[in-house]
Amino acid sequence: MNNNTVLELENISYKYKNDLILNKVNLQINSGEKIALLGKSGSGKTTLISILNGTIKPTQGEVKLFNKSFEELDRKQKSKITTIWQDLRLIEDLSAEQNVNCGLLAENNFYFAFKNLLNISSFKKAHKYMKLCRLHTSIYDKKIRKLSGGQKQRVAIARSLIQESNILLADEPFNNLDPKLITTIKNLLLENVYKNNTKKSPKTALVALHRLDLLNDFDKVIGIRDGKIFFNIKRNNLKKIHLEEIF
Amino acid sequence: MNKLKLNYTSLSFLPILVCIPLGYQLINNIHFGGFKLFQDFLISAFNPKIDNEIIITVIKRLNETILIGFFSWLVSIIFGAIFGIISSNIFYKIFNIPNFFYLIIRFFLTIIRSIHEVVWGILLMQIYGINFSIGIIAICIPYIAVNSKVFAEQLETIDYKSFESINQINAPKFSSLLTLIWNPIINTFKNFGLYRLECSIRSTVILGLFGIGGIGTSIFLSFQTLNFRELWTYLWSLAILIILSGLIFKKIKFNTTNKILSIFFISVFFITILFSFSYFLYFIFNNNFENFNSVSSLFKSSSDLGLFDFLKLILETIILSLLSTGIAISLPPLVIGIFNKNTSKIFIKIFAFLLRLIPTPVILLTLLTFNNPSVSLAALTLGLHNAGITSKLLFTNLDSQDKRNYIAMKSLGISKKTSWLLGLFSQQAKSYLAYCAYRSDIIIRETAIVGVIGSVGLGWQLQESLSSFAWQEVTLVLIAYSSIAIVGELINGKIKNSLT
């Protein structure tokens, strides 16, 4: 591990029932790195992301954030990671703007959560990120269940962006988006959208992908197959043979 | 020979077989002494007494009923929501509390709700004497536990992935909890609030029959004096109250986006909690125990109840529950299926409304005018009253159902009854049976009411033991009641899970 490492997996295995989903995975993610995670469906990408953000505990091994074990971290430290889930995990009965505001729950108190549910909190910041995600104002107060797949996807992205976290984990974030929107969202996720804010840390991102044409903006590529990391290389070194190994 | 195949539709009709032993006993117990009274009772429904004096009494009694019913509803729905939250999985997941506490709270609430409000009422009356607040407290105790179950069940439906997502944001735990439970709580209140209000009013009426006050007391007194015209005045006024409360509740919009309304509802929420606590403390410290001097009297009192008699009472209560449940499940689809015309449906709906409206003790007392007290008569009463409730649900579901299958079957020349059965009811049978499983929990609890009046089962023994201050017997009966209700709830829970 070097001083620049933000996230580290040490010998991680994860078993679900009798299936070994991840098998002795070692990984270091350095500050500012943009990493693409490639692999077939069911190869362990989502599980890896869930372990990295602390949602599931590994059966074996240790996860470290800023050189500290996950168990030792407090709430504020953990909130430096934001996740865009493949299945979005939005709250269906809340409106789009309320869902986006949920991203601010970590840095606010109980009263904020209460005001958010009563629709009396400020949605200024939520609207800013919804606008960045090209969401039309007419859907801001609509319940999630009434939105299209693409709109839901962008609400989930806006919820993640509003957290202004240093580390982004994203599982297939470009699903349901048309090509023009993919470019916009990709720029939002990989460039430092918070550059006008006081936070100076470069953004670190690990994004699970299926589409190879989106790899250009990433520094590194990780290939995963059957719960094992097959390669972890710089994007420029990626060859056809690598892809054949994992697909 | 073809094997008999049971499906949800046939399972809905099968319990009607309970009518064979039930009918046999009822026919054997028939007597003709009270037919005239029964006839008077029916005729009086169309000719209720209306004069200044009775109108003033009705207004006064309805006021009491509304007060007891409304306050017990408000307190029980708010505390029900609070207990629902702390007895739901999501609470323990967010706060990382060991499951052990979850099981303890659930068990405690199951015991509380297994005892009917009438039993709580009679018990509290024996301890504190007749008191207006006894009505509210007697309803609130089991209702908080019942409502908490309803809220907890809704909270269990929260998508686990939403929880994971909020948890991953690392928000303060109370903020996460509030964000996740907000909508299920509001929706449960919207969907069940009116029904629970209706239940509160009904329970107030039933407790009134036992002397708590309100319109129930007037109904009982007029029945005792055989003043059926007066009785029907009270019953019709009660019907108007229930219909009006339903209309008012439907008019209220629980719009959480309206700031003023939201602040109003939140104020009501906190004021009710504060008021309940202060009232509870006042009640505890300002009431003298009239008959129940100390806990030690529980151990001093002796019991003459033999083991055989006690087991017989338990068996009677179980049989009573099974027979009533059989009627409550099968009678509505059978009657609606046979009399499947629009005009017949109106009559069935009116009849079902009357069965829901008339308190079970009054139905039982009316039936006792021409039949001797027996388990079958008590079961018929309880079954009919609950059939009134299950038929309401069945009608609501059938009316809102897509009728294309039914129309298609009729167009093929299939008879109206068969088309109804296969094209309409068969699609509802599963959810209807799931609701009936929930209803049978309530039927077990309600055996206490008909037991007290109809000399059957543990309810009767409870009344006897309480009257003679035999606290040891009272405790035994209550433990037996709780045990039956808890076992019943476990079995019904399994049935419900397999149906949903």
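## Secondary structure and overall form of chain A

Helices (H or I, at least four residues) and strands (E, at least two) are runs assigned by DSSP and numbered from the N terminus. By that rule, chain A holds eight helices and ten strands. The structure is a predicted model, in which local features need pLDDT of at least 70 and side-chain atom pairs count only at pLDDT 80 or more, while totals for chains, interfaces and linings use all residues. Residues are numbered from 1 along each chain as its sequence is written, and chains are lettered from A and ligands numbered from 1 in the order in which they are written.

The radius of gyration is taken over C-alpha atoms, and the globule rule is 2.2 Å times the number of residues to the power 0.38. A compact globule of 247 residues would have a radius near 18 Å, and chain A agrees with this because its own value is 18 Å. Along the principal axes, the C-alpha atoms of chain A fill a box of roughly 50 × 40 × 40 Å.

A residue is called buried if 20 or more other C-beta atoms lie within 10 Å of its own, exposed if 12 or fewer do, and partly exposed in between, with C-beta atoms placed from the backbone. Of the 247 residues of chain A, 44% count as buried. Two residues are in contact if their C-beta atoms, placed from the backbone, lie within 7 Å; among contacts in chain A between residues at least 6 apart in sequence, 69% join residues at least 24 apart.

## Two domains

Chain A is divided into domain 1 (1–80 + 202–247) and domain 2 (89–164 + 175–200), with bounds that come from an automatic or database domain assignment. The C-alpha centres of domain 1 and domain 2 of chain A lie 25 Å apart, and eight residues of domain 1 are in contact with six residues of domain 2. On the side of domain 1 that touches domain 2, three residues are nonpolar, one is polar and four are charged, where Ala, Val, Leu, Ile, Met, Phe, Trp, Tyr, Cys and Pro count as nonpolar, Asp, Glu, Lys and Arg as charged, and the others, Gly among them, as polar.

## Where chain B touches chain A

The contact takes 21 residues from chain B and 25 residues from chain A. On the chain B side, the elements that give two or more residues are helix H9 (160–169), helix H10 (173–209) and helix H13 (259–285). By class, that side of chain B has seven nonpolar, eleven polar and three charged residues.
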